[in-house]
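Hi everyone, thanks for making time this morning. Let me put the model up on the screen, and then we can walk through it together.

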Amino acid sequence: MTSGVTPTVNLKEAEELALSLGEALSSGDGQEAARLCERLAQLCVPVSVRVNSQAYPQDPIRLLVGVEDAQSDNYIPVTVVVSADLTIAQLKDKISHDFGFVPALQRWVIGKRLAQDSETLYSHGIRKSGDQAFLFILSAHAAHLTKQQHRQEREQQRIEGIMESMQSLQLLPRGLGEGGDEKTGLPPEYQLIPPPLPPKPPRAARPPVAPEPEHGWTCAMCTYRNKPTRPGCEMCGGDRPEDYEVPNIYEPDQQEILRLQQEELAMVQYVQAQQEERQRNYLHLLATEEQNLIPNADETDCPICFSHLQPGEGIVLRECLHTFCRECLKGTVVNSQDAEVSCPDNCESKLLDREIKELLTEEEHQRFLELRLSIAESRSEHSFHCQTPNCRGWCIYEDEVNEFPCELCNETNCILCRAIHNGMNCKDYQDDLRVRAENDLAAQQTKQMLESLLQNGEAMKCPRCDIIVQKKDGCDWICCLMCKTEICWVTKQARWGPNGRGDTSGGCGCRVNNQPCHPNCQNCH
């Protein structure tokens, strides 16, 4: 008898001590709690201490759960409404009730840690809606779950559901019914009706979870519903509809606020990087503008001499960006017979004066400038050269101008007489010239020689500037050294019409209608 009574007394005392311990802990009485703990330890009774659910936040939490099983690689997102005080065992029961996965098959991973049944969601950091967890469903074989165990668990769940539905059902003693006792035969008025059961204390009903308003926009490509502030689809990257506007009442969560802040910071950094790049490009442009010759930045070959050029060994022309070696460019400028030096790579770009000056020596540059002056003088229709021997002065005159005072030799030239006759008018000078020509043997011989060349066809007068030109050898095409007019030797006239090259309205008319311009034409021009 003693062995059967002693455990009952100990359990009753243990229950009272456990209740008192809970009250002492709730009130913060440390000394009383310590005394009760010591007494419970002496009884050697298993005790469980747990924080009351009222101490946890009461707001419902929409937990984002990723579900994956052992048979498939598919990842399925599920949203579950939970509370912070919910234990992992209770969470397993909820998943089993809602989705049919028995607790023995469930493995929960929260925050990269395998959750135990006795732990709460709060202990794993589940505090607000949008927090995430991972649920892995084991196979029945891996969990050692037999069909009988599965059937027992399903029956236990079914019994619990029946018990919940029978809370308001009133039970009568066995054998009693509306027709009286069949065994005793007592009339209904003598039947013993048991007293009614005391009412069960009402449960504190949880406040219903209000459904959250559906905010966001649906992707037209993958139908995924995105948060309102996302500029593109989170899944496939599709564009947000142009007519969509973020609702004024929408309040982004903490994760979304962090993303928006990061996007704003990234945009600021992007704009700053653009400004820095523009500043670097501007400074590089200024530095390049100060250089007369731009060196090449990449390896290349000179298209003239085919020599290999390392970075910095070649020169890049500013107008066309073609690259050549320095020697080939210099030879192109020195051997040029035109006032403008074209790019050697058969393009229409010209070398700039600053490039030409940097390529040549001082003496070579001076000769190039003199060549330019000579070409400009010969191509000018109303040009006049100073008649002083070895003087380089010349001018371009207008119709009303008759005199040219040369600033190099300080002599005054008569444009009408094309001579210098200081102290004499034009009439006196022409008379004196005829007189000197009659008495000057050298002048007579020179005049006779030129007339003989013209008569024999060995020379001709330029149809434009009237100077005497000769053909030494070669084809029938010659060019006047003074005015650069193209001349047909066999017809003794200009090759083209007044509009220059290609104008067949005048000139010799060679090759017009596939006909030569003269029977003796060699058809080479």
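Let's begin at cysteine 414, which is buried at 8% relative accessibility. By buried I mean under 20% relative accessible area, while exposed is over 50% and partly exposed lies in between, with a 1.4 Å probe and protein chains only. Cysteine 406 is buried too, with a relative accessible area of 4%. Its sulfur is 3.6 Å from the closest cysteine sulfur, that of cysteine 391, and this is too far for a bond. A disulfide here needs a pair of cysteine sulfur atoms within 2.5 Å, and the search of the whole structure finds zero of them.

A word on what you are looking at: this is a predicted model, in which local features need pLDDT of at least 70 and side-chain atom pairs count only at pLDDT 80 or more, while totals for chains, interfaces and linings use all residues. Residues are numbered from 1 along each chain as its sequence is written, and side-chain values use heavy atoms, with hydrogens and water left out.

Now the overall view. The protein chain has 525 residues, and 26% of them count as buried. There are 10 helices and 21 strands; these are DSSP runs numbered from the N terminus, with helices being H or I of at least four residues and strands being E of at least two. The chain exposes about 37,900 Å², with carbon and sulfur atoms supplying 51% of that. Those areas come from the Shrake-Rupley method with a 1.4 Å probe, and for residues only the protein chains shown count as cover. As for contacts, meaning heavy atoms within 4.5 Å, take those between residues at least 6 apart in sequence: 38% join residues at least 24 apart.

Next, the inside. Which residues have the most contacts inside the largest nonpolar core? They are Val65, Val82, Leu91, Trp108, Ile110, Leu121 and Leu135, in a core of 23 residues. The elements giving two or more residues to this core are strands E1 (61-69), E2 (76-82), E3 (106-110) and E5 (132-137), together with helix H3 (88-99). E1 gives the most, with four residues. Apart from this core lies another, of 18 residues, including Cys302 and Phe368. For the record, a nonpolar core is a set of buried Ala, Val, Leu, Ile, Met, Phe, Trp, Tyr and Cys residues joined through side-chain atoms within 4.5 Å. Coming back to isoleucine 110, and leaving aside neighbours within four places in sequence, its contacts include Ile88, Leu121 and Ala133.

Let's turn to two loops with some backbone interest. Most residues other than glycine have a negative phi. Phenylalanine 306, however, has a positive phi of about 60°; you will find this residue in the loop between strands E9 (300-301) and E10 (308-309), exposed at a relative accessible area of 66%. Leucine 321 also has a positive phi, near 65°. Leucine 321 sits in the loop between strands E11 (314-316) and E12 (323-325) and is exposed, at 61%.

Valine 316, in strand E11, has leucine 321 among its contacts beyond four places in sequence. Is valine 316 buried or exposed? Valine 316 counts as buried, at 14% relative accessibility.

Finally, charges. Side chains of opposite charge can pair when their charged atoms come close. The whole structure has 15 salt bridges, each defined as a side-chain nitrogen of Lys or Arg within 4 Å of a carboxyl oxygen of Asp or Glu. In one of them, arginine 259 pairs with glutamate 256, with the closest N and O atoms 3.6 Å apart. Both lie in helix H5 (residues 254-289), about one turn apart, and both are buried.

Arginine 379 and aspartate 338 make another, at 3.3 Å from N to O. Arginine 379 is in helix H8 (residues 362-379) and aspartate 338 is in the loop between helices H6 (326-334) and H7 (353-359), so this pair ties together parts 41 residues apart in sequence.

Glutamate 370 bridges to arginine 392, with closest N and O atoms 2.5 Å apart. Here glutamate 370 is partly exposed, at 28%, whereas arginine 392 is exposed, at 58%. And to finish, shared partners join Glu256, Arg259 and Glu263 into one salt-bridge network.
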